[in-house]
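Q: Please go through the terms used for this model one at a time. For each, set the value against the definition.

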Amino acid sequence: MSDPAVQLPEPNRRLDAIDRKILMVLQEDASLSVAEIGDRVGLSSTPCWKRIQRLEADGVILRRVALVDQNKIGLGISVFVSVESADHSEAWLKKFADAVSAMPEVMEFYRMAGDVDYMLRVVVADMPSYDVFYKKLISAVPLKNVTSRFAMEKIKSVTALPVPAA
């Protein structure tokens with residue numbers, strides 16, 4: 001017999017309007033108290049807390065973090081690095097993915113469709129730091145082509161996803 005108080009996560013559960021409001025509030029400021037979040041979405045603290053807990057358990061909320069200004073900590077250069085590979089085997093990809101994932105300069109790492117195979121977003125302090133990163137990247141596994149594009153100016157950068165309506 002199962003305990004009715006134990007609720008298993010429902011990964012395919014649809015989000016209702018209040019869940020969506022909670023997500024928008026948390027994406028804007030995850031440091032708010034549960035009471036403040038509840039006030040903004042029209043719930044008292046306990047039901048709001050339960051919804052947040054469920055969203056975390058269901059994997060909708062992955063984690064809560066502090067956003068840091070990369071320039072203020074000395075990481076003034078953003079580089080978009082496209083990589084082409086001559087080898088598309090599973091073994092090569094695993095080795096490449098493990099090597100790139102271990103590089104702290106890599107902020108994002110995507111396998112692409114189109115004219116490049118992989119795209120990285122890299123942050124570094126300066127050109128010598130990028131050169132060190134580049135040498136580490138090209139020595140990790142055989143690569144066909146690596147192209148680096150240096151960002152001149154950040155025009156838009158957001159972390160909040162546009163939560164779609166139900």
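Q: What makes E1 and E4 a pair?
A: Two strands pair if DSSP finds at least two bridges between them. E1 and E4 have six bridges, in the antiparallel sense, so the pair meets that definition. Glu84 stands opposite Asn145 in E4. Strands (E, at least two residues) and helices (H or I, at least four) are DSSP runs, numbered from the N terminus. The model is predicted: local features need pLDDT of at least 70 and side-chain atom pairs 80 or more, while totals for chains, interfaces and linings use all residues. Residues are numbered from 1 along each chain as its sequence is written, and side-chain values use heavy atoms, without hydrogens and water.

Q: Why are E2 and E4 said to stand at the edges of the sheet?
A: The open sheet has four strands in the order E2-E3-E1-E4, with antiparallel pairing. E2 and E4 (145-150) each have a single partner strand, so one side of each is left without a neighbour in the sheet. From one strand to the next, the twist averages 20°.

Q: How do you know that H4 packs on the sheet, and which strands are touched?
A: Contact means heavy atoms within 4.5 Å. Helix H4 (residues 90-101) touches E1, E2 and E3, and its direction makes about 160° with that of E2. Helix H5 (residues 127-140) touches E1, E2, E3 and E4, at about 160° to the direction of E4. Angles run from 0 to 180 degrees between N-to-C directions, with axes fitted to C-alpha atoms, for helices over the stretch in contact.

Q: Why is H2 called roughly perpendicular to H3?
A: Helix H2 (residues 34-41) and helix H3 (residues 45-57) pack at about 95°, with their axes 8 Å apart. Angles of 65 to 115 degrees count as roughly perpendicular, under 35 as roughly parallel, over 145 as roughly antiparallel and the rest as oblique. H2 is therefore roughly perpendicular to H3. Among the residues in contact are Ile37 of H2 and Trp49 of H3.

Q: What makes a space in the model a pocket, and what volume has the largest pocket?
A: On a 1 Å grid over the protein atoms alone, a pocket is an open set of points where a 1.4 Å probe fits, with protein on both sides within 12 Å along at least five of seven lines; lining residues have an atom within 4 Å of a point. The largest pocket has a volume of about 1900 Å³, taken as the space filled by probe spheres set on the points. Of its 43 lining residues, Val65, Leu67, Val158, Thr159 and Ala160 are the closest to its centre. H1 gives the most to the lining, with five residues.
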